[in-house]
Amino acid sequence: MTNLPFGIISLILLQQALHEQLSKKKQIIDYAGIITFTISMTAFLLALNIVKVEKQMTTNLFFWLLISLVFMCLFLFIEAKGKEPMLPLSLFKNRFITVSNIASFFIGFILVTVTFYIPLWVQGVSGLNATLSGIAMLPMSITWMIGAMITGKLFEKITVASIAIIGSTMIIFACIGLVFFQANTIIPWMMVTTGILGIGFGLSSTLYTVVVQSAVEWNFRGAAMGTINLMRNLGQTIGIAVSGLWLGEELHGSQLAESLHHVFFFLVILAILTFLFAMMLIGRKLKQTTH
């Protein structure tokens, strides 16, 4: 309910300011792509669950990994040949699109992991209540908006690569801060860490959204935005499944702390990968399209 007034105001502003010329045509739904992708991802997530339970390579695990691989290959074949694919592979010929999608996958992975596991640390390791776990996460929501606003101001002053590098650097520092969490780490320090994360997410997520919209012609923007949203959601889905592999049976005390430290260290690696992909944009000038 608290979002309702903002939603109404946004609709009014869009109605007054956004003017589009739309041409209607019959849409082709990529049912084959949707089905093969769903089967591939479902099989992969089942395989991850088997890894967590059995902790070794088994026939069952190999079977589901094979199913995932086969249907993913089939999905890519369908997308390459389809008239209106759900994931247009031609978009990935554009470096801005490729970097934005891969980086968004990593950001989605990191985001869902910290959102779930920082509160788990506060309650399971530090032994504090749910209210304090919410307070520990609060700065990220605030600084995310700040980071998004900063992105808009920086976009006309410095290069896309510079903004991407700054955002990913902030995420790296924050993830390193997570690695140094201890049972007696105070809430204000956790708030500093999540605050830095929020700025990094705000800079990076906003930037890559703008980049994807600007790097393609108008008639491809819907497909480009759908692709980056898919990669973000995929990162979150796989992120919570993969990070869960490190969690032991004990969800409190020193054993939980050890498990979460493994997760946080892995996030550092992903943040560094995000930084390296951002570096691939150095020297590249974004040519914004308006039609």
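This protein chain has nine helices and zero strands, where helices (H or I, at least four residues) and strands (E, at least two) are DSSP runs, numbered from the N terminus. Read along the sequence, that gives the pattern α-α-α-α-α-α-α-α-α. You're looking at a predicted model, so local features need pLDDT of at least 70 and side-chain atom pairs count only at pLDDT 80 or more, while totals for chains, interfaces and linings use all residues. Residues are numbered from 1 along each chain as its sequence is written, and side-chain values use heavy atoms, leaving out hydrogens and water.

**The chain as a whole**

- Out of 291 residues, 42% count as buried; buried means under 20% relative accessible area, exposed over 50%, and partly exposed in between (1.4 Å probe, protein chains only).
- Take the contacts (heavy atoms within 4.5 Å) between residues at least 6 apart in sequence: 81% of them join residues at least 24 apart.

**The largest nonpolar core**

- A nonpolar core is a set of buried Ala, Val, Leu, Ile, Met, Phe, Trp, Tyr and Cys residues joined through side-chain atoms within 4.5 Å.
- The largest one here has 69 residues, and the members touching the most others are Ile110, Leu197, Phe201, Tyr208, Leu260 and Leu267.
- At least two residues each come from H2 (31–54), H4 (95–124), H5 (130–154), H6 (160–179), H7 (187–214), H8 (221–243) and H9 (253–279).
- H4 gives the largest share of this core, with 16 residues.
- Not counting residues up to four places away in sequence, Tyr208 touches Val99, Ser100, Ala103, Ser104, Ile107, Ala164, Ile228, Ala278 and Leu281.

**How some helices pack**

- Two packed helices are described by the angle between their axes and the distance between the axes.
- Axes are lines fitted to C-alpha atoms, for helices over the stretch in contact, and angles run from 0 to 180 degrees between N-to-C directions.
- The axes of H4 and H5 come within 7 Å and cross at roughly 150°, so these two are roughly antiparallel (angles over 145 degrees; under 35 is roughly parallel, 65 to 115 roughly perpendicular and the rest oblique).
- By class, the H4–H5 contact has eleven nonpolar, three polar and no charged residues; Ala, Val, Leu, Ile, Met, Phe, Trp, Tyr, Cys and Pro count as nonpolar, Asp, Glu, Lys and Arg as charged, and the others, Gly among them, as polar.
- H4 and H6 have axes that come within 12 Å and cross at roughly 25°, so they are roughly parallel.
- That H4–H6 crossing is left-handed, and it's made by Phe96, Ile107, Ile110, Val114 and Ile118 of H4 with Val160, Ile171, Cys175 and Leu178 of H6.
- The H4–H6 contact has nine nonpolar, no polar and no charged residues.

- Ser204 lies in H7 and is buried, with a relative accessible area of 0%.
- Leaving aside neighbours within four places in sequence, Ser204 is in contact with Ile107, Gly167, Ser168 and Ile171.
- Gln182 sits in the loop between H6 and H7 and is partly exposed, at 41% relative accessible area.
- With neighbours within four places set aside, Gln182 is in contact with Trp121, Ser126 and His261.

Technical notes: A crossing is left-handed if the near helix is turned anticlockwise from the far one by less than a right angle, and right-handed if clockwise.
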